[in-house]
Amino acid sequence: MRIIAVFAANGLAVIGAGAIAGISTVKAVTVAGLTAVAAVVEKLARAFMDDGKLDDDEINAAFSTVDKSATTVEDVKVNERRAADKVKKV
């Protein structure tokens with residue numbers, strides 16, 4: 001279901017851009033959706049190749065690459081480190 005959501009979210013986002021560029025709506029949606037799905041599938045495949053399994057963090061990280069508003073595990077670690085640095089300075 002998340003793969004379908006990736007396709008829909010990215011495909012629907014380009015409808016206006018396709019019309020402006022003179023590309024048919026179906027082509028624009030298909031290319032954008034498949035490109036986003038391919039990016040997620042590639043990240044999942046690479047994570048699986050590391051140890052032969054996928055954990056929740058790896059799956060969520062793969063999907064966060066196409067969800068620009070998502071917070072990744074790495075983002076949380078960076079924010080925690082910044083907060084700790086601010087506390088040290090005070």
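View 1. Patch members have over 30% relative accessible area and no salt bridge, with like charges joined within 9 Å. Asp and Glu count as negative and Lys and Arg as positive, while His and the chain ends are not counted. Each charge is placed at NZ of Lys, CZ of Arg, CG of Asp or CD of Glu. Two helices, α3 (25-51) and α4 (56-64), each supply at least two residues of the negative patch. D56 lies in helix α4. Its relative accessible area is 59%, so D56 is exposed. Exposed means over 50% relative accessible area, buried under 20%, and partly exposed in between (1.4 Å probe, protein chains only).

**View 2. Positive patch on the surface.** R81, R82, K86 and K89 gather in a patch of positive charge. K89 belongs to helix α5, residues 73-89. K89 counts as exposed because its relative accessibility is 75%.

View 3. The side chains of R46 and E42 meet in a salt bridge, 3.0 Å from N to O. The criterion is a side-chain nitrogen of Lys or Arg within 4 Å of a carboxyl oxygen of Asp or Glu. R46 and E42 are four residues apart in helix α3, so about one helical turn separates them. E42 is partly exposed, at 43% relative accessible area. A search of the whole structure finds one salt bridge.

**View 4. Surroundings of F63.** F63 sits in helix α4. With 10% relative accessibility, F63 counts as buried. Neighbours within four places in sequence aside, F63 is in contact with R2, I3, V6, V40 and L44. Contact means heavy atoms within 4.5 Å. F63 and K43 are 20 residues apart along the chain, and their C-alpha atoms are separated by 8.4 Å.

**View 5. Surroundings of L44.** L44 is placed in helix α3. L44 counts as buried, at 17% relative accessibility. Its contacts, leaving aside neighbours within four places in sequence, are with L54, I59, A62 and F63. L44 and E58 lie 14 residues apart in sequence, with 7.3 Å from C-alpha to C-alpha.

**View 6. I4 in helix α1.** Helix α1 covers residues 2-12 and holds I4. I4 is exposed, with 54% relative accessible area. The C-alpha atoms of I4 and G33 are separated by 8.9 Å, and the two residues are 29 apart along the chain.

**View 7. The whole chain.** The chain has five helices and zero strands. Its pattern along the sequence is α-α-α-α-α. Helices (H or I, at least four residues) and strands (E, at least two) are DSSP runs, numbered from the N terminus. Of the 90 residues, 19% count as buried. Among contacts between residues at least 6 apart in sequence, 40% join residues at least 24 apart. The chain exposes about 6700 Å², and carbon and sulfur atoms supply 63% of this area. Accessible areas come from the Shrake-Rupley method with a 1.4 Å probe; for residues, only the protein chains shown count as cover.

**Notes to all views.** Residues are numbered from 1 along each chain as its sequence is written, and side-chain values use heavy atoms, leaving out hydrogens and water. In this predicted model, local features need pLDDT of at least 70 and side-chain atom pairs count only at pLDDT 80 or more, while totals for chains, interfaces and linings use all residues.

Conventions: Patch = residues over 30% accessible without salt bridge, like charges linked within 9 Å, V, L, I, M, F, W, Y side chains within 5 Å.
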